[in-house]
Amino acid sequence: MTAPAEFAGTRRTLSTRSVTSLVSRNGAFGVLVVVMVIGFLTVPSFGTADNLRNTALAASFLAIISAGMTFVIISGGIDLSVGSLYALAVILSADMSSHGSWAAIGVPIAACAFAGLVQGLIIARLRLPPFIVTLAGLTGIRGLVFYITKEGNSHPSVPGKPFFETVSRGSFLTIQNPVWIALAVFAVGWYVLNRTAFGQAVQAVGGNDTSAALMGLPVRRVKVIVYAISGVAVGISGVLSTGLSGGGQEARVGNAYELSAIAAVVIGGTLLSGGVGSIVGTLFGITLLYVIQNLIVQGFNLNSYVQQVVSGVFLLVVVILQAVFSRRSETE
Amino acid sequence: MANGVSATPTLSVRQATKQFGGSLALCDVDLDLWPGEAHALVGENGAGKSTLIKLITGVHQPDGGEVLHHGEVVHFPTPRDAQLHGIQTIYQEVHLAPQLSIARNVFLGREPTRFGSLDLKRMNREAAALLGRYGIVADVRRPLGGLSLGVQQMIAVVRAVSTDASVVIMDEPTSSLEPREVDKLLEVVGLLKQQGVAVVYVSHKLEEVFRACDKITVLRDGRLVWTGAVTDTTRRQLISRMLGRDPGELGNGKITHLGRAPVERGEVPVLAAQHLTRRFVLDDISLLLHPGEVVGLAGLLGSGRSETAKAIFGALALDSGTVEFCGKRFPRSTPASRLHSGVAMLPEDRKVEGIIPELSIRDNIGLAALPMLSRRGFVSRRKQAEIVDTFITRLHIKATGPEQKVAELSGGNQQKVLLARMLCLSPKVLLLDEPTRGIDVGAKAEVQALIADLAAKGLGVVLISSELEEIVEGSDTVLVLRDGTALGTLFGDEIDESAIMTMIAGAAEHDTAELIA
């Protein structure tokens, strides 16, 4: 603890700085703590082990997608195709499960990785804006999903109890496997971003791709790979979802997931302009979104549209705070 | 490698030529870089310095000529290829990754790894050692973004020299540095020379060039004007080579003021700028402009010419100083309020700041006039067409018609479109930054005549040009600038090239004398 007298003198700058770093670096974490404490205190059903477990399980699918999205956004891009790709993975996984577990796991992940790779190649090679290219992906892949499912009328389900179902439905230390897998994805993501040369290049490219090219970094390769990473993450998420549900999901599954994933990344402190961000922040961001949603349902018994309003307001507040503080730190 | 003892240059450029669109950016330029030598590259804006560097560093490929590395012809399709040959560049605007630590930035793109994982311990240790060697005190684990621009620039230098660089190119490395940091950077240049590195030093700050460099190459309009040892030239000769006069001609003062009719300087100047000051950019610049007067701003690149005009136009925030128009302060300090009052500016780079190439001549001209032409937000196309057509005729804009895209016009005609855009606002003051750059001789004469004509009709004109001849011939008054300070004002018959160059060179000698003392 700092001596009170010393603290008083520098209180203002300290508090400004601590708020700045709180918001920009681990704002989501701080808010998450506050929200959870409020939840524990005011909503009895929120703090039960069952409820927390279920919330974590529900969050894990979008969490994995958001981890991939973090790479794309830090590199200065955006991936709007993840919602549709998720649906593709879900449907493909159920379709393929008749050929065995490995097909149900491998084919969707490979297909999503391929889709990400193609989008990345178009973005990097033809220098097209990622927004437009992945918007085309969003539309086209959703269309493909409806085509595969015969205009959404077929709901392929998983026969029997193959291995990949048990992966999704099993648990370890009473926590379901998808939650562990999501945490593992984040651990790997953190490692790649912070402990490999590729991760350094992702951050440099997002900061300024012209400068990165002048420094001799493989800018185009980085841009291609981040979209492939996003694709792989979406594929994993979709496979897990099918394993858990046993198939039968609708063709419109994963609708607007891209927006939730982007929101989680931004709330986690990653700048949409690229270059600055943290994958740990994203984990807190997505958790926060689900905790708030859960609290609204459990405690306040509001309908899902109100949840959306609250989430929207919350996102706006975070973005405003980010802008205010990044401007302040510039002028300092 | 011992100092300068080598049979072949580390890097040579032979008859390099580069075209962009229709314009020749570089023409038949030779350059030899020897180990242990610092070679200065000087010239005004658009002289071809950047283009030359970009050919060496693999950003651009030459259209003609070749690059030789230790006597062998090399091709650098990308910057990475040049870097693999030991050619490192420090750009004026460094954007390393601000979020990453100093050490991570130093090793960005060539990180030491162990089993695929970054060897952070080694990175931190080696980065600290490197920083120590160049006398920089900083915690290498801190994010780069939190450091001052000067320190960031030094980190960029360390990054460049930490490889086995044989050639280090510095493009205006001191533009964001404090004097103390400049000293440090020049020390680094000295260290690099001792290590046998060939240094290319691009700068418009001549005292730095004279302090740190062994050889100088002067470029003008994409051509090699002069190359030689620092000891073989004087500041004055150098300035005249950059601005486009042969030193012999200069001494005789051949080009002098044409003796235009003297200006009637009334009681109230149309424009009065007082004590314009902005840290590192402008230092107490004052300027009076009367109706019908052309005030020329003379000085080298970086002297504050363009910045003075921008400050007057409200496009450059000032620390202090006032700008009065017809004896009154502007209500707000924005370009829009200036335009509204009747001050118009022709920007230096018409491609970046001026024209919208994909729009027609009519729309480009009409753009500025829109507020006057529109009623409740609607624009009368007929009225706009009338006004625009008048100007197309008046300025002799050569085009197939008013609907032709501006991108298809020649440089001279594009410039006239910009002038027309200003004139349809019926301004009282024109700020012209390099109005004749990059346009052919005939169009140049036309534009110059047009400026004289406008002044004769009572407009006040501030004229900026890196061609001294244009300033001398076209101005009634000349304000001479250097490093953001005013060196003096010349009126009427006092104006000639020799007087201006003596002023600039004199101040430069003076500065060096101070530095040595």
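The model is predicted. Chain B and chain A bury about 1,700 Å² between them. On chain A, seven listed side chains from F114(A) to L128(A) belong to a nonpolar surface patch, while T149(A) is buried.

**Interface of chain B and chain A**

- The contact involves 19 residues of chain B and 20 residues of chain A.
- Carbon and sulfur atoms give 55% of the buried area of about 1,700 Å².
- In chain B, α2 (79–84) and β8 (117–118) each supply at least two residues of the side that touches chain A.
- The element that gives the most to this side of chain B is α2(B), with 3 residues.
- The rule finds 5 residue pairs in polar contact across the interface, both residues being at pLDDT 80 or more.
- For salt bridges across the interface, the count is 0.

**Nonpolar patch on chain A**

- The patch is formed by F114(A), L117(A), V118(A), L121(A), I122(A), L126(A) and L128(A).
- Together these residues have about 580 Å² of accessible area.
- F114(A) lies in helix α6 (residues 101–125) of chain A.
- F114(A) counts as exposed because its relative accessible area is 54%, against a cut-off of over 50%.

- T149(A) sits in the loop between α7 (130–148) and α8 (163–169) of chain A.
- With a relative accessible area of 1%, T149(A) falls under the 20% limit and is therefore classed as buried.
- Its side chain reaches the backbone oxygen of F146(A) at 3.3 Å.
- Leaving aside residues up to four places away in sequence, T149(A) touches I91(A), S154(A) and A251(A).

Key. Residues are numbered from 1 along each chain as its sequence is written. Chains are lettered from A and ligands numbered from 1 in the order in which they are written. This is a predicted model: local features need pLDDT of at least 70, side-chain atom pairs count only at pLDDT 80 or more; totals for chains, interfaces and linings use all residues. Side-chain values use heavy atoms; hydrogens and water are left out. Helices (H or I, at least four residues) and strands (E, at least two) are DSSP runs, numbered from the N terminus. Buried means under 20% relative accessible area, exposed over 50%, partly exposed in between (1.4 Å probe, protein chains only). A polar contact is a pair of N or O atoms within 3.5 Å; within protein, one must be able to donate a hydrogen and the other to accept it, and residues adjacent in sequence count only if both atoms are side-chain atoms. Contact means heavy atoms within 4.5 Å. Patches are made of residues with over 30% relative accessible area and no salt bridge: like charges are joined within 9 Å, nonpolar side chains (Val, Leu, Ile, Met, Phe, Trp, Tyr) within 5 Å. Accessible areas come from the Shrake-Rupley method with a 1.4 Å probe; for residues, only the protein chains shown count as cover. A salt bridge is a side-chain nitrogen of Lys or Arg within 4 Å of a carboxyl oxygen of Asp or Glu. Buried area is the accessible area (1.4 Å probe) that two parts lose on being put together, summed over both.
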